[in-house]
Amino acid sequence: MVSLEERLSQALRHSVRSDLPDAAFRWDVPKDATFGDLSNAVSFKLAGPRKQSPQRIAEELSAAVMARCRTQGLGGWIARVEPKAGFLNVFLSQEGLAQVLRDILRQGRRFGTRRQHPALSLNIEFVSANPTGPLSVAHGRQAAVGDVIARLLRSQGARVTTEFYLNDEGRQVEMLGRSLRARYAELLGVPEPFPEDGYQGAYVTDSAGRLRKTQGDGLLDKPLEWFIEEGMQEQLARIRQDLEQFGLTFDQWTSQRWLRTSGRIDQALETLKAKGLLYDSDGATWFASTKFGDDKDRVLRKRDRELTYLAPDIAYHQWKFQRGYDQLLNLWGPDHHGYIQRLKASAAALGFPADRLIIRIVQLVTLSRQGKPVPMSKREGEFVTFREVLDEVGVDATRFFYLMRTMDSHLEFDLELAKRQSQDNPVYYIQYAHARICSILGKERLPWWRKLRPDLHLLQAPEEQLLMRALFQYPLMLQVCAAAMEPHGLTVYLRKLAETFHVFYTQHRVISEQPALSAARLALVQATRQVLANGLGILGISAPTRM
RNA sequence: GCGCCCGUAGCUCAACUGGAAGAGCAGUGGGUUUCUAACCCAUUGGUUGCAGGUUCAAGUCCUGCCGGGCGCGCCA
């Protein structure tokens with residue numbers, strides 16, 4: 001079904017007759033409610049070529065758009081199209097607002113979602129933490145952002161695969177195996193030097209303790225590979241468990257080991273070689289990535305004949321491209337941003353359009369308590385983990401706090417504020433609005449109201465109008481967040497919607513002595529509840545019926 | 001030295017691919033015999049780091065500075 005704003009865009013385009021790009025005809029939600037429900041600034045773009053003032057053009061266009069709406073059967077939904085300071089401002093009519101409520105109540109959980117033909121297919125790879133220890137708070141943020149981007153895009157009709165790249169061979173996991181073995185030996189009283197750059201976290205010692213408990217004291221005969229495998233599997237299981245607790249299961253796990261044994265790494269290197277993009281120098285094999293915009297060429301095979309990390313990564317992205325996605329999205333930590341150029345260069349070198357590979361950096365997270373920073377020392381291997389935050393703060397608040405900022409911004413995560421169950425915690429503020437509505441709906445004592453077809457035109461109070469207008473914005477807001485691949489706007493919207501509801505609630509009784517008005521208000525709060533639930537659902541946050 | 005992100009109210013941050021400067025918190029003062037006060041109302045707070053440029057229009061784009069963070073390996 002085509003939305004109102006899309007039909008308005010068509011009407012506007014029809015009225016303008018210009019070859020301006022589609023974006024120029026898009027309607028935005030204006031910042032200020034006095035500017036109406038939708039606004040557009042195309043008049044400014046036409047002012048130059050037409051040598052007329054924007055306001056003059058806006059006046060013409062508003063009449064033309066209104067006329068077009070009438071012939072298209074939209075006239076009843078629009079009160080007026082108002083030219084103001086060059087902008088076109090659309091004000092929905094009471095019937096238009098009533099229609100929004102009807103749409104919400106009819107579509108229920110589907111309200112705000114769209115379908116695409118054909119559906120955009122997309123792979124999102126994120127978290128991809130090494131299976132060598134607990135997830136960090138930064139991984140947690142990536143988990144939240146990636147998960148909600150996936151949900152947002154799915155809500156807009158895209159086919160999304162979420163994927164975790166498992167770094168299950170190489171130096172890092174070997175170091176975990178060595179560390180585990182050393183701790184195990186330590187527990188037995190057999191002195192064995194702890195590896196330099198080993199994992200010093202207490203979790204390794206815990207892990208060694210468990211090994212001893214379950215498998216006895218005779219494990220030092222086992223080869224290093226055995227310790228690597230044991231340690232890695234345990235860490236991986238914990239990572240999966242943490243993510244699951246967070247409400248996140250990945251559609252696909254791709255392992256580096258599998259990439260190698262299946263021959264895909266060799267194959268990728270062969271492809272580059274066949275294209276004449278590999279050369280030997282200083283005893284190493286280099287990839288001529290500068291031909292594709294990189295700052296310098298990169299080593300793929302070191303002098304010791306071992307591959308660098310880039311080689312399997314190239315193969316991995318080739319494999320992702322081969323699977324036929326329209327777009328690949330990678331979420332990385334800020335420590336990887338220097339890596340973007342070379343990976344994009346490799347995609348281009350392999351003949352894939354580099355603009356189909358989108359790499360976004362999710363910025364750092366710092367923890368604080370009541371404004372005071374929580375020290376995070378990685379040197380001793382002791383740092384606040386994602387699991388600790390999750391256990392202390394809970395899933396809902398953790399998700400919300402991770403998503404409250406744009407991913408470009410450093411995130412200051414205040415543990416005390418997130419935990420606090422009070423008015424300054426936005427999560428509870430939103431959930432409370434939902435619970436309040438459920439309380440009203442549960443207490444309804446006059447069942448014959450249900451038989452009334454509500455007369456939504458009774459909802460004339462300013463607070464009711466504002467609430468309906470906020471509900472109207474939901475689908476458009478979702479669309480914008482999905483297109484930007486940025487969840488943060490949804491948290492802002494839901495807070496605003498909850499506020500609009502709370503204001504309405506304190507001003508007006510829903511269930512009163514007036515049956516007709518009560519029925520209308522019941523429809524209004526039911527629709528509000530639905531949108532709050534839908535929005536929270538996309539954030540992966542629960543919508544409690546009681547608090 | 002080079003690259004990326006950030007710089008907006010006392011604090012934490014928005015501003016949807018240039019479009020009409022905003023929230024929350026903190027501060028101050030108020031409001032519940034009624035469907036949940038985890039709520040609401042009022043009010044204080046701005047040279048958008050600095051200087052130029054492009055534009056009808058710049059927090060947003062370009063140039064140069066200043067400040068904060070991160071990265072720049074034949075580590076992963």
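1. Which residue takes a positive phi just after helix 6? Glycine 189 does, with a phi of about 80 degrees. The model is predicted: local features need pLDDT of at least 70, side-chain atom pairs count only at pLDDT 80 or more, and totals for chains, interfaces and linings use all residues. Residues are numbered from 1 along each chain as its sequence is written, and chains are lettered from A and ligands numbered from 1 in the order in which they are written.

2. Helix 6 spans residues 171-188 and has 18 residues. From its first C-alpha to its last it reaches 26 Å, close to the 26 Å expected at 1.5 Å a residue (1.5 Å times one less than the number of residues). Helices (H or I, at least four residues) and strands (E, at least two) are DSSP runs, numbered from the N terminus. Among the buried residues of helix 6 are Val173, Leu176, Leu180 and Tyr184; buried denotes 20 or more other C-beta atoms within 10 Å of the residue's own, exposed 12 or fewer, and partly exposed in between, with C-beta atoms placed from the backbone. The buried residues of helix 6 pack against helix 7 (202-215) and helix 8 (224-245).

3. Five strands form an open sheet with parallel pairing, in the order 6-5-4-10-11; two strands pair if DSSP finds at least two bridges between them. Strand 6 (252-255) and strand 11 (357-361) are the edge strands, each pairing on one side only. Strand 10 (residues 327-332) pairs with strand 11 over five bridges, and leucine 328 stands opposite leucine 357 in strand 11.

4. Helix 11 (residues 310-322) lies across strand 4, strand 5, strand 6, strand 10 and strand 11, at about 145 degrees to strand 10. Such angles run from 0 to 180 degrees between N-to-C directions, and axes are lines fitted to C-alpha atoms, for helices over the stretch in contact. Contact requires C-beta atoms, placed from the backbone, to lie within 7 Å.

5. Helix 13 (residues 386-393) and helix 14 (residues 395-403) pack at about 120 degrees, their axes 7 Å apart. The contact is made by Val389, Leu390 and Val393 of helix 13 with Val395, Ala397 and Thr398 of helix 14.

6. Serine 409 is found in the loop between helix 14 and strand 14 (411-414). It counts as exposed because it has 11 C-beta neighbours inside 10 Å. The C-alpha atoms of serine 409 and glutamine 363 are separated by 5.9 Å, although these residues are 46 residues apart along the chain.

Key: Two residues are in contact if their C-beta atoms, placed from the backbone, lie within 7 Å.
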